[in-house]
Each structure stands twice: as C-alpha cells, then as structure tokens.
Amino acid sequence: MLFSIIVPVYNAKNYLNKCIDSILNQTNTDFELILVDDGSTDGSDLICDEYAKTGAKVKVIHKQNGGATSARGAGLKLSCGEYVLFVDCDDYIESCLLSRIKEITEKFSCDLVCFGYDIFTNDSVKPCDIGYEEKLYNQEQIAEEIFPSLITDVSGKRFSPTIWGKAFKKDLLVPIHNDLPENIVLGEDSCVAYVAVYKSKSLFVLSDALYHYRVNNSSLTRCKKAFDWEEPLMRADFYLKHMPKEIFEEQVARITAHSFFNVAISVLKSTDYKNAKKEIKKHLSEFKVRQVIQKANFKNNLKEKLALYCLRKKKVFLMRIISKFI
C-alpha cells in the first residue's frame, strides 16, 4: 500500500463528513484511511463508525482523549502505507492530492513531499505561499537552501511547520514521532516537521494549494486559555536533541522567544491585567527564559524586533496594547 492517511478526530461533527469525503474521493485509490476518535463526545465517533461500514479502506480507532500527538501515534501504529499523511478533522483536501504525490514519489523516491495550502473561513479564502521554489531538493540543496531558514531566520522566515500539508515516508516519520513527548500539545507539529526536513535525504516542494485549512474559532490555538510557559522550552529541547546545535541554536532561540511572546499575549487575554502582569514578569525573570531571549535576534522585521524588545525589557503594558490587535 502506498498511502496511509491519518485523521485525529475530536468533536468535529459539523465538518467531519466533508473531511472524510474529500479523502475517499481521491483519484488515486491506493490508500487506507485511519480515523482516530480521540474521545469525542459530540457524535463524531458514530460518524467514524458509519464510514467504517462502507469498506475496507476505512479503519477506526476509539481511544480516551489524549490530544493530537497521542491520536496520531495510535494511527501510526496501525498504518501500513509507505507514505503517511495527516489531515485535521475540520479540513479537507483536493481529490487529486494523492495522484500528484504519487507522480512525484515514483519519479524521485523522495523522503518528504511538501504541498501548498490555503486558509479558509465561511467568508474568505487566503492562499498561502510556501516560500520556496517548486522543485526536488537533494540533501545538499536542503542544507544550502532550506536549513538557513528552516526554523526561523533573522527576518522571521521559516519553513512550513505544519504536520499536515506533507507526505512523510513512514520510515522517516515513525522514529521522530515516537520520540515526541505527548505533553507538548501546542506547536507539536513543528517538532516533527522540522526534524523530518533535517533528516530527509531528499524532499519535493509542490506549490499548488491542495490542502484546505479551516480557521476554527473553537480550536486550542484560538481559545481564551493561557498557553504553558514550559512548552516553548520543551520544543527547544526536542529540536536540539535531534538537530545539531552548531547549525540551529540561534534559530531555536528565535522561535522560542517568539513563542514566549505568544504565551505572554495569551496570559493577557485570559486573565485580568494585574495578575497577568505579575505572572509574565515572574516567568520573564527565570534564568532559562532570560537566556533564550538574550540569544534571540531579528533583523528587518519590525514586529519580531518589537516583541523581543517587550520581552527583554518586560514591557507588559506595551504587550497589552499589542494584544488588542492580535
């Protein structure tokens, strides 16, 4: 079997049919679909079971809620495909996606195929440029052309950090994903994606928007909940465990500082200003956090430089003003 498509499912009954139908309607039929019900309580689990009755292509796993990483891991254990794709349960894909990927993998046998996407709401669609030339990159070209901006360069440019929008050779993906701590619940995509790019012997960038990402206001990244201060540090540790410090340390510092600013904004949005200010100043005074912020540097990117200034000087009131526009 060529492809395994894994869909972590949690309370997505309003969108799930469109997601699954877009997968089952692929012009290339050499795939299996693994639906991982991660403890849904809205009837999404029943929708999964109904699709499982339609044929052998659809497999369903029911598990207790454990988050996206554990759901994807459960799907990986059951997968049989040479290549693995992940699709979020409220998104959908173009019917030609697998056919396009097959053409590329048959020609180049690459470890990774990265394809374009757009971001949509009920009212609008925004195409997203991958930012890299459409072509095959061998190992030397990956190092020369992608490594300098893989995680984040001084201008803020980075490679797409999503785990969706990519087809991974399973042999490349499994050891990376198996080592990912399940308690990283935000930004876990980037841990897998960046390490996979680093370890790839070849990858292909396909610029066509073949994946459609839904802006879901009920998702974790958009809810009014403060993010965890420890997670940026856990992600940083994961990057540098699998990628050489001498090449990526500065990039890791930049993305981690960027994440600290996002955590601070989330705190300001989730609690009153007095308590938020106290919490933010407390964490920005911690040694590990200060160390990362001092290592980070940006050029020619006013937003990132302003965020870094706020972190270094602990300008919480300025962060509060910025939070009103984010």
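## Pairings, patches and salt bridges

Q: Which residue is the bridge partner of Tyr117 in E7?
A: This is a predicted model, where local features need pLDDT of at least 70 and side-chain atom pairs count only at pLDDT 80 or more, while totals for chains, interfaces and linings use all residues. Residues are numbered from 1 along each chain as its sequence is written, and side-chain values use heavy atoms, leaving out hydrogens and water. Strands (E, at least two residues) and helices (H or I, at least four) are DSSP runs numbered from the N terminus. Look across to E7, and the partner of Tyr117 is Cys128.

Q: How many residues lie between E6 and E7 in their hairpin?
A: Strand E6 covers residues 112-120 and strand E7 covers residues 125-128, and they pair in the antiparallel sense over four bridges. Pairing here takes at least two bridges found by DSSP between two strands. In the hairpin that E6 and E7 form, the residues between them number four.

Q: Which residue in E9 is the bridge partner of Tyr83?
A: E4 also joins strand E9 (residues 166-169) through three bridges, and these two run antiparallel. For Tyr83, the partner in E9 is Lys169.

Q: Are the residues of strand E4 buried or exposed?
A: Buried means under 20% relative accessible area, exposed means over 50%, and partly exposed is in between (1.4 Å probe, protein chains only). In strand E4 (residues 83-86), Tyr83 and Leu85 point one way. Val84 and Phe86 point the other way, yet all of them are buried.

Q: Which elements give two or more residues to the positive patch?
A: Patches take residues with over 30% relative accessible area and no salt bridge, joining like charges within 9 Å and nonpolar side chains (Val, Leu, Ile, Met, Phe, Trp, Tyr) within 5 Å. Lys and Arg count as positive, Asp and Glu as negative, with His and the chain ends not counted; a charge is placed at NZ of Lys, CZ of Arg, CG of Asp or CD of Glu. The surface patch gathers Lys277, Lys281, Arg312, Lys313 and Lys315. The elements giving two or more residues are helix H10 (273-284) and helix H12 (302-313).

Q: What is the relative accessibility of Arg312?
A: Arg312, one of the residues in the positive patch, is found in helix H12. Arg312 counts as partly exposed because its relative accessibility is 34%.

Q: What is the accessible area of the nonpolar patch of Phe317, Ile321 and Phe325?
A: Areas come from the Shrake-Rupley method with a 1.4 Å probe, and for residues only the protein chains shown count as cover. Phe325 sits in the segment after helix H13 (316-323) and is exposed, at 72% relative accessibility. Together, the three residues have an accessible area of about 360 Å².

Q: How many residues apart are Lys241 and Asp179?
A: A salt bridge is a side-chain nitrogen of Lys or Arg within 4 Å of a carboxyl oxygen of Asp or Glu, and Lys241 forms one with Asp179, with the closest N and O atoms 2.8 Å apart. The pair links distant parts of the chain: Lys241 is in helix H8 (residues 230-242), Asp179 is in the loop between helix H6 (170-178) and helix H7 (188-199), and the separation in residues is 62.

Q: Which helix holds both Glu249 and Lys245?
A: Their side chains meet in a salt bridge (3.8 Å, N to O). Glu249 counts as partly exposed at 25% relative accessibility, and Lys245 does too at 48%. They are four residues apart, about one turn, and both lie in helix H9.

Q: How far apart in space are Lys288 and Trp229, C-alpha to C-alpha?
A: Lys288 lies in helix H11 (residues 287-295) and is exposed, with 56% relative accessibility. In sequence, Lys288 and Trp229 are 59 residues apart, but in space the C-alpha to C-alpha separation is 11 Å.

Q: What is the phi of Asn11?
A: Asn11 is in the loop between E1 and helix H1 (16-24) and is partly exposed, at 30% relative accessible area. Although Asn11 is not a glycine, its phi is positive, at about 45 degrees.
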